[in-house]
Amino acid sequence: MAEEKMLITGERRLEGTVRVSGGKNTAVAIIPAAILSQTPCVIENLPNIEDVIVSVETLRYLGAKVTWSPEEGIMEVDPSTITKTAIPEELCSRMRASSYYIGALLARFGEAKVPLPGGCTIGRRPIDQHIKGMRAIGAQVDTDRGGTVLAQAKNGLSGGDVFLDMPTVGGTINVMLAASRAQGITTIYNAAKEPHIVDLANFLNSMGCKVKGAGTDVIRIRGQQNLRPRRPYAVIPDQIETGTLMIAAAATHGDVTVTGCIPTHMEALTAKLLEMGARVDEKDDAIRVRSIGAHRGVTFKTQVYPGFPTDLQQPMSALLCTATGSSTVVENIFESRLRHLAEMERMGANVRVFERTAVIQGVPKLHGAAVEASDLRAGAALVVAGLMAQGTTEITGTHFIDRGYEHLEDKLSSLGADIRRSKDA
Ligand code: EPU
């Protein structure tokens with residue numbers, strides 16, 4: 001079958017204004033949360049990306065009525081027609097966030113059967129903390145030999161204390177979903193603090209749930225049986241798309257204003273771009289990135305929010321390939337998230353990787369090459385590298401990029417990039 005490629009001819013300065021889409025990682029949590037509602041929910045500002053398309057298919061498979069207008073980013077979900085509580089492997093294998101249907105279905109129907117994809121190219125991605133949390137509030141959870149999770153709460157769930165071993169984003173979200181209709185108070189200790197945790201809490205609260213403390217280490221959820229949204233809910237802008245566009249602006253020594261974003265979500269990246277010598281100006285809901293001279297190499301470690309996000313490590317390390325001097329990148333969240341650097345080497349990057357640490361010696365220029373995206377953010381990193389490189393870069397594995405970036409080529413083209421898709425025979 002013809003394989004689609006993204007073709008980028010680099011060394012074009014990006015200039016202008018671009019609007020960021022709604023957040024992927026918040027959308028994939030809020031869409032399953034619609035299952036918790038007694039009445040139809042309207043969700044706005046959803047990105048038109050593959051993960052949202054799979055979420056729509058999943059809800060429809062379960063029996064929900066879903067109206068989805070991709071170009072407007074508006075979805076209406078009527079969960080009252082749901083008849084199923086098991087999801088087939090074919091759907092789950094297309095989206096890693098399918099585990100959120102365990103928490104949502106368990107909370108609403110007292111049972112869920114969800115097969116989980118195994119490890120992926122960025123690391124193992126276990127869900128032991130999600131399961132531990134659901135057990136702590138009264139669910140019986142087993143995993144069969146094929147890796148399907150069977151969760152049940154015949155007598156309903158009741159609040160309890162959940163101590164997470166690490167501040168896992170997915171674990172925090174799944175326990176929040178499961179606890180949303182439980183009797184009594186659930187307290188999550190060592191909770192993740194990412195912006196999408198706060199967004200999910202706001203969505204649950206807009207339906208009448210009582211969630212307090214989201215954005216801190218301790219989240220308290222007083223479950224409510226009768227959840228009903230009173231008005232449409234708009235998801236927050238995508239933190240990682242914002243960061244990718246900021247990095248692309250710096251990478252091309254451009255002058256780009258990203259609008260519709262939340263600058264305070266971007267502080268870790270902004271600080272590093274400033275350290276590299278770029279200029280970053282923040283407004284209420286826009287960030288302008290300008291870059292003229294050479295960038296200085298920097299050191300950074302990925303951390304949970306508000307530290308430097310692992311999802312921006314890959315595009316940022318692409319940018320560092322042409323910074324002067326040496327840069328060190330430590331990937332603390334996912335054990336195998338430095339693989340994209342081998343592809344960078346094909347483009348002339350000088351990189352050494354030791355387990356979770358990459359030492360990048362800046363080179364004056366990258367050159368175009370045929371490279372392969374092995375995951376979503378690796379794809380974003382290759383796009384950044386392609387924008388910087390002399391000549392044409394051909395990226396395969398474009399379906400990974402489509403999982404999480406809405407109209408990426410259109411947005412970059414509108415800023416002056418030479419980027420297009422082609423299909424080989
Ligand atoms: N972990 C466990 N056990 C668990 C859960 C997590 O050991 O039960 C470990 C993981 O192996 C990892 C660390 O804890 O080493 C953090 O994982 P976390 O659960 O926080 O990540 P996630 O929920 O699987 C989400 C995003 C990722 C993002 C990470 C970290 C979604 C759908 N995915 O994944 O996004 O990298 O948080 O911020 O929200 C992406 O957008 O490209 C992406 C991979």
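Ala, Val, Leu, Ile, Met, Phe, Trp, Tyr, Cys and Pro count as nonpolar, Asp, Glu, Lys and Arg as charged, and the others, Gly among them, as polar. The model is predicted: local features need pLDDT of at least 70, side-chain atom pairs count only at pLDDT 80 or more, and totals for chains, interfaces and linings use all residues. Residues are numbered from 1 along each chain as its sequence is written, and side-chain values use heavy atoms, without hydrogens and water.

**Exercise 1.** Classify the residues of the lining of the second largest pocket.

Solution. Step 1: the lining consists of 16 residues, and Ala251, His253, Thr322, Pro364 and Met388 lie nearest the centre of the pocket. Step 2: six residues of the lining are nonpolar, six polar and four charged.

**Exercise 2.** Describe the aromatic pair of phenylalanine 163 and tyrosine 189.

Solution. Step 1: rings of Phe, Tyr and Trp (its six-membered ring) pair if their centres lie within 6.5 Å; planes under 30 degrees apart count as stacked, over 60 as edge-to-face and the rest as tilted. Step 2: the structure holds three aromatic pairs. Step 3: phenylalanine 163 and tyrosine 189 are stacked, at 4.7 Å centre to centre with 10° between the planes. Step 4: phenylalanine 163 counts as exposed at 51% relative accessibility, and tyrosine 189 is partly exposed at 24% (buried: under 20% relative accessible area; exposed: over 50%; partly exposed: in between; 1.4 Å probe, protein chains only).

**Exercise 3.** Is phenylalanine 300 buried or exposed?

Solution. Phenylalanine 300 has a relative accessible area of 3% and is therefore buried.

Definitions and conventions: On a 1 Å grid over the protein atoms alone, a cavity is a set of points where a 1.4 Å probe fits but cannot get out, and a pocket is an open set with protein on both sides within 12 Å along at least five of seven lines; lining residues have an atom within 4 Å of a point.
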